[in-house]
Amino acid sequence: MREALPQPASRRNLLDGGYTVALLFLAIAAGYGILASEAPASPSAGKAGGRPVGALVTPSAAAPGPSPLASIPDTMRAPESPRPGGTRVAIARPPAVEPRPRPEARPTPRPAKPEPAVEFPWPSPTVTGKVLDNDRKPVAGASVVVRGVEVRTDADGVFKLEQVPPESMLLVKLPGFEKVLVPPTRGTVEVVLKPQTIKAAYLTYFGFGDRGIRTRVLDLTARTELNAVVIDVKGDRGWIIYQTEVEQALAAGAQGPATLRDFDGMMADLKARGIYTIARIVTMKDNILANARPDLAIIDTRTGKPWVDNEKLAWVDPFREEVWAYNIALGKEAIARGFDEVQFDYVRFPTDGRLGAAKYAKPNTRETRLPAIAGFLERARRELGAAGGFVGADLFGYTAFNENDTDIGQRIEELAPHLDFICPMVYPSGYHKGIPGHPNPVVVPYKVVYESVRLIRKRSGANVVRVRPWLQDFKDYAFDRRIFGITEVQAQIRGAEEAGGAGWMLWNPRNDYTGAALRSKAAVAAR
């Protein structure tokens with residue numbers, strides 16, 4: 001092989017300099033390429049579509065063509081036919097709007113409030129104490145929880161716990177009051193509960209994951225009297241909002257298309273804002289579980305397949321205790337993920353569709369329906385209460401007036417002992433037969449809410465359960481199609497408060513709320 005001839009020094013230096021310049025040029029070009037690939041497609045990318053404040057932002061807002069929300073009809077569901085015996089059956093609420101998800105930016109979690117420090121262990125495994133209210137009067141029926149064990153205070157507000165682990169915190173809770181964590185103390189425990197009125201807005205399965213919609217609602221919690229959110233943990237179609245570890249959910253394919261990977265960071269942000277969190281779990285209407293496990297479904301006698309309602313969604317059988325266990329497991333997981341309360345919706349038998357073709361594990365009668373729904377809620381309250389959470393249930397508004405079970409397994413007297421919160425859906429549009437003395441309920445929203453809350457409280461008796469209604473913040477769909485605006489929303493709020501409700505919750509299927517109807521934080525503080 002021929003050897004290379006030695007190069008003159010000047011030429012060698014020139015070549016070295018050229019190589020250096022070329023490498024520098026390549027490095028700069030590569031850097032510009034990386035930056036270009038990460039830049040937004042347009043100057044407005046990543047923003048709320050350049051929309052004015054208060055406009056609805058959907059995941060597909062930046063895409064051409066009509067919004068997916070435009071196809072949602074104003075009339076969400078037709079009124080049901082009258083039930084035998086004159087039973088009033090409420091029209092179900094408008095279903096949540098479920099747009100397609102968009103990529104979610106990871107929020108920066110705020111630091112959560114630290115738990116009380118444990119300075120020393122309990123001096124004895126037997127812990128006694130007393131629970132008082134703000135006026136230092138004894139509180140009966142308060143829950144004291146430690147390591148999965150729950151006891152109640154007696155008429156004098158006194159409790160006693162046995163075999164308490166040395167460094168365990170006590171959790172003291174009662175519906176209508178803030179929860180209190182109690183670290184070990186050497187003396188007798190005395191806990192003073194502070195009243196808490198929950199005023200919430202609902203966020204759908206997709207709404208919570210959409211940065212624009214979520215920010216809009218959280219802005220209301222910062223400016224107005226709102227202090228809580230209701231979030232779909234398992235929504236109307238059976239999808240679960242976060243990465244679940246419940247085996248039956250994974251086996252059924254309940255991990256939905258908008259699973260939030262940074263859900264824990266988003267929850268930490270809510271906690272840092274001081275927002276009370278409610279996990280909505282749609283219970284018996286579960287298209288995912290019913291189709292994955294037909295043995296747990298209501299069966300259509302005409303086809304032998306899972307029975308479906310008017311929305312073509314399948315239901316599971318309320319008599320099946322495996323269905324109970326599944327939803328309770330999801331509730332426990334929600335509490336472990338940081339939720340203050342689990343609220344069961346569609347905790348009933350169906351009201352629409354070909355009801356005569358629906359086959360259950362047992363005969364569908366009043367004598368069987370009531371024990372099924374009450375049995376589920378009793379078990380849920382026992383297990384979730386011991387896990388540290390509150391338990392609520394959404395009931396039809398007509399349960400306030402009907403003496404029977406409204407043909408769905410819901411009767412106040414049977415359910416009240418097993419709940420922390422009764423959450424009646426007192427939407428005036430839902431009372432399609434009116435209320436006594438008022439055939440057109442949308443013209444008397446105050447009266448509808450006031451009477452519903454008053455009657456439910458009366459029928460709840462001496463139980464510790466509180467009544468916190470759902471209020472209508474969406475267009476009427478059953479009477480004159482009027483807009484429910486500032487006047488109507490404020491009338492409902494006043495009705496709930498003056499009837500003794502423990503707060504209220506606003507429902508809008510698009511998560512677009514009438515903020516002008518709400519009092520400011522300053523106005524509430526000045527009262």
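Ser168 lies in the loop between β4 (158-161) and β5 (170-173), where strands (E, at least two residues) and helices (H or I, at least four residues) are DSSP runs numbered from the N terminus. The model is predicted, so that local features need pLDDT of at least 70 and side-chain atom pairs count only at pLDDT 80 or more, while totals for chains, interfaces and linings use all residues. Residues are numbered from 1 along each chain as its sequence is written, and side-chain values use heavy atoms, with hydrogens and water left out.

At 3% relative accessibility, Ser168 counts as buried; the term buried means under 20% relative accessible area, exposed means over 50%, and partly exposed lies in between (1.4 Å probe, protein chains only). Beyond its neighbours within four places in sequence, Ser168 is in contact with Trp122, Val146, Arg147, Val182 and Pro184, contact being defined as heavy atoms within 4.5 Å. Trp122 is 46 residues from Ser168 in sequence, and the two C-alpha atoms are 8.1 Å apart in space.

In the chain as a whole, the secondary structure comes to 11 helices and 20 strands. Buried residues make up 51% of the 527 residues. Of the contacts between residues at least 6 apart in sequence, 76% join residues at least 24 apart.

In helix α4 (residues 263-272), the buried residues are Phe263, Gly265, Met266, Met267, Asp269 and Leu270. The cover over these buried residues includes α2 (211-223), β9 (228-234), β10 (240-242), β11 (255-260) and β12 (276-282). Gly274, which follows α4, has a positive phi near 75 degrees.

Helix α9 (residues 445-460) contains 16 residues, which at 1.5 Å a residue should span 22 Å; the end C-alpha atoms are 23 Å apart, which agrees. The expected span is 1.5 Å times one less than the number of residues in the helix. The buried residues of α9 are Pro445, Val448, Val449, Glu451, Ser452, Val453, Leu455, Ile456, Arg459 and Ser460. These buried residues pack against α8 (412-415), β17 (421-425), β18 (466-467), β19 (470-472) and α10 (486-498). Just after α9, Gly461 takes a positive phi of about 65 degrees.

For α10, the 13 residues should span 18 Å at 1.5 Å a residue, and the end C-alpha atoms are 18 Å apart, which agrees. Glu488, Val489, Ala491, Gln492, Ile493, Gly495 and Ala496 are the buried residues of α10, and what covers them includes α9, β19 and β20 (503-507). Just after α10, a positive phi of about 90 degrees is found at Gly500.

Positive phi values also occur in residues other than glycine. Asp407 has a phi near 60 degrees and is found in the loop between β16 (390-396) and α8. With 18% relative accessibility, Asp407 counts as buried. Arg481, which is not a glycine, has a positive phi of about 60 degrees and is found in the loop between β19 and α10. With 40% relative accessibility, Arg481 counts as partly exposed.

The aromatic pairs come to 21. Rings of Phe, Tyr and Trp (its six-membered ring) pair if their centres lie within 6.5 Å; planes under 30 degrees apart count as stacked, over 60 as edge-to-face and the rest as tilted. The ring centres of Tyr202 and Trp470 are 6.2 Å apart and their planes stand at 85 degrees, so the pair is edge-to-face. This pair links distant parts of the chain, with Tyr202 in strand β8 (residues 198-203) and Trp470 in strand β19, 268 residues apart. Both Tyr202 and Trp470 are buried. Ring pairs also link Phe208, Tyr242, Phe263 and Phe339 into a cluster.

On a 1 Å grid over the protein atoms alone, a cavity is a set of points where a 1.4 Å probe fits but cannot get out, and lining residues have an atom within 4 Å of a point. Grid points are joined across faces, edges and corners, and a volume is the space filled by probe spheres set on the points. The second largest cavity holds about 50 Å³ of space. Its lining consists of Pro175, Gly176, Phe177, Gln196, Ile198, Tyr276, Phe390, Phe421 and Ala502. This lining divides into seven nonpolar, two polar and no charged residues, where Ala, Val, Leu, Ile, Met, Phe, Trp, Tyr, Cys and Pro count as nonpolar, Asp, Glu, Lys and Arg as charged, and the others, Gly among them, as polar.

Key. 1 Å grid on protein atoms, 1.4 Å probe; cavity = no way out; pocket = protein on both sides within 12 Å on 5 of 7 lines; lining within 4 Å.
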